[in-house]
Amino acid sequence: MPDSMHALILAGGSGERFWPLSRRARPKQLLSLVSNKTLLEETLARLEGLIPPERTLILTNTEQESAVRKLLGNFPKENILAEPAKRDTAAAIALGTGWVALRDHAATMVVLPADHVITNRAAFQETLALAGDAAEETSELVTIGIKPTWACPGFGYIEHGKPVRLRKRPDNDAIHRVVRFREKPNPDLAESFIRRGNFRWNAGMFVWSVPTMLREFNRHAPELADFLSQLRAQGNFETALRERFSKLPRISFDYAIMEKADRVLVVEAGFDWDDIGSWQAVANYFEKDKSGNAANRAITTIDSSNNIVFEENGTTVALLGVHNLIVVRTPDALLVCHRHEAERIKDLIGKLPPELQ
């Protein structure tokens with residue numbers, strides 16, 4: 001593993017699918033959905049012993065900055081940064097790369113979303129260490145691929161080709177060359193990906209060296225490369241962030257860089273992974289009764305099945321003769337929807353009073 005890895009944790013995001021628990025100022029990564037820690041706290045805990053807080057940047061946005069700072073009172077204050085505007089992941093990663101480059105121009109860095117569920121910390125760290133070795137030895141972009149457990153049409157996929165052996169780890173067979181990235185497929189295409197066996201889910205986790213990333217921005221995204229060079233100019237970081245960031249193109253990192261780069265490796269994750277993108281996914285972590293009702297606390301039911309209940313305050317929830325509902329209660333809001341309509345929860349947000357959005 002490289003001597004001094006740095007981490008960039010992307011902790012912006014809107015979390016609209018988890019309304020009313022999530023709000024603009026309290027998105028998914030600031031929620032305690034599957035344990036008594038928030039997803040952001042869990043993400044930081046997974047890095048303990050591998051990358052210290054001093055070498056970790058948490059990138060959030062102005063709406064969520066105060067909540068992140070309040071949550072992480074013991075985290076280095078200067079290592080929490082708020083984007084002045086929402087500019088998608090390419091600009092965010094350029095900003096994070098500039099931050100790391102100022103501290104160590106030859107560093108290897110890992111980019112992680114703040115809102116995933118991963119329970120096997122040792123396997124997670126081993127995968128990151130392997131990816132770090134691959135990034136350092138090959139000077140290529142490295143992405144982490146998740147072995148699919150089902151033909152999910154909601155994820156992007158990575159098609160991998162030949163295995164790549166490292167001098168440092170000649171016996172390891174978890175690294176492959178990326179043939180191409182595939183957008184979210186329709187269900188039939190997703191099924192064909194699973195049958196072929198050489199496709200992995202794209203979880204948005206990356207590892208590379210700073211020089212490699214600078215090279216790729218220069219090749220494929222000159223406007224972002226120019227921003228990066230301004231960030232790295234002596235004493236200019238704050239000015240470049242304030243004056244330039246909000247003018248950057250709004251484009252995802254996958255489109256701007258990963259799909260154009262010709263030297264990309266994928267390391268297969270040796271750990272469990274869940275992006276818990278909906279209330280149905282969260283319900284997998286709740287207690288279930290014999291009728292399939294899943295809840296974060298004890299509920300009372302008669303003739304009710306396959307419901308999902310999340311109650312934030314300890315109010316008793318009783319269900320009578322209802323099926324396939326999602327019921328979420330917070331101090332100021334109540335959601336009741338059919339579980340098969342969960343994807344449309346975000347359509348509700350714009351119709352709500354601003355203070356509830």
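These legends describe a predicted model, from the whole chain to close-up views.

As a predicted model, it has local features that need pLDDT of at least 70 and side-chain atom pairs that count only at pLDDT 80 or more, while totals for chains, interfaces and linings use all residues. Residues are numbered from 1 along each chain as its sequence is written, and side-chain values use heavy atoms, with hydrogens and water left out.

**View 1. The protein chain has 11 helices and 16 strands.** Helices (H or I, at least four residues) and strands (E, at least two) are DSSP runs, numbered from the N terminus. The C-alpha trace spans about 60 × 50 × 35 Å along its principal axes. The radius of gyration is 21 Å, close to the 21 Å that the globule rule gives for 357 residues, so the chain is as compact as a globular protein of that length. That radius is taken over C-alpha atoms, and the rule is 2.2 Å times the number of residues to the power 0.38. Of the 357 residues, 54% count as buried. Buried means under 20% relative accessible area, exposed over 50%, and partly exposed in between (1.4 Å probe, protein chains only).

**View 2. The largest nonpolar core holds 49 residues.** A nonpolar core is a set of buried Ala, Val, Leu, Ile, Met, Phe, Trp, Tyr and Cys residues joined through side-chain atoms within 4.5 Å. Leu40, Leu47, Ile58, Met205, Phe271 and Trp273 touch the most other members. Elements giving two or more residues include strand E1 (6-10), helix H5 (187-196) and strand E8 (199-209). Helix H4 gives the largest share, seven residues. A second, separate core of 45 residues includes Leu57, Phe181, Phe245 and Met258. In soluble globular proteins, nonpolar side chains tend to be buried together.

View 3. Contact means heavy atoms within 4.5 Å.

**View 4. Helix H1 is largely enclosed by the rest of the structure.** Six of its eight residues are buried. They are Leu39, Leu40, Thr43, Leu44, Ala45 and Arg46. Their cover includes E1, strand E2 (56-61), helix H2 (65-71), E4 and H4.

**View 5. Gln125 sits in helix H4 (residues 121-138).** Gln125 is buried, with a relative accessible area of 15%. Leaving aside neighbours within four places in sequence, Gln125 is in contact with Arg46, Leu47, Glu48, Gly49 and Leu50.

**View 6. Strand E7 (residues 175-182) pairs with E6 and with E9.** Two strands pair if DSSP finds at least two bridges between them. Five bridges join E7 to strand E6 (residues 157-163), and the two run antiparallel. Here Glu159 stands opposite Arg180. Three bridges join E7 to strand E9 (residues 264-268), again antiparallel. There Ile175 stands opposite Val267.

**View 7. Five strands form an open sheet in the order E10-E11-E13-E15-E16.** The pairing is mixed. Strand E10 (287-288) and strand E16 (333-338) stand at the edges, each with a single partner strand, so one side of each has no neighbour in the sheet. Strand E13 (residues 308-311) and strand E15 (residues 325-330) pair in the parallel sense over four bridges. Val309 stands opposite Val327 in E15.
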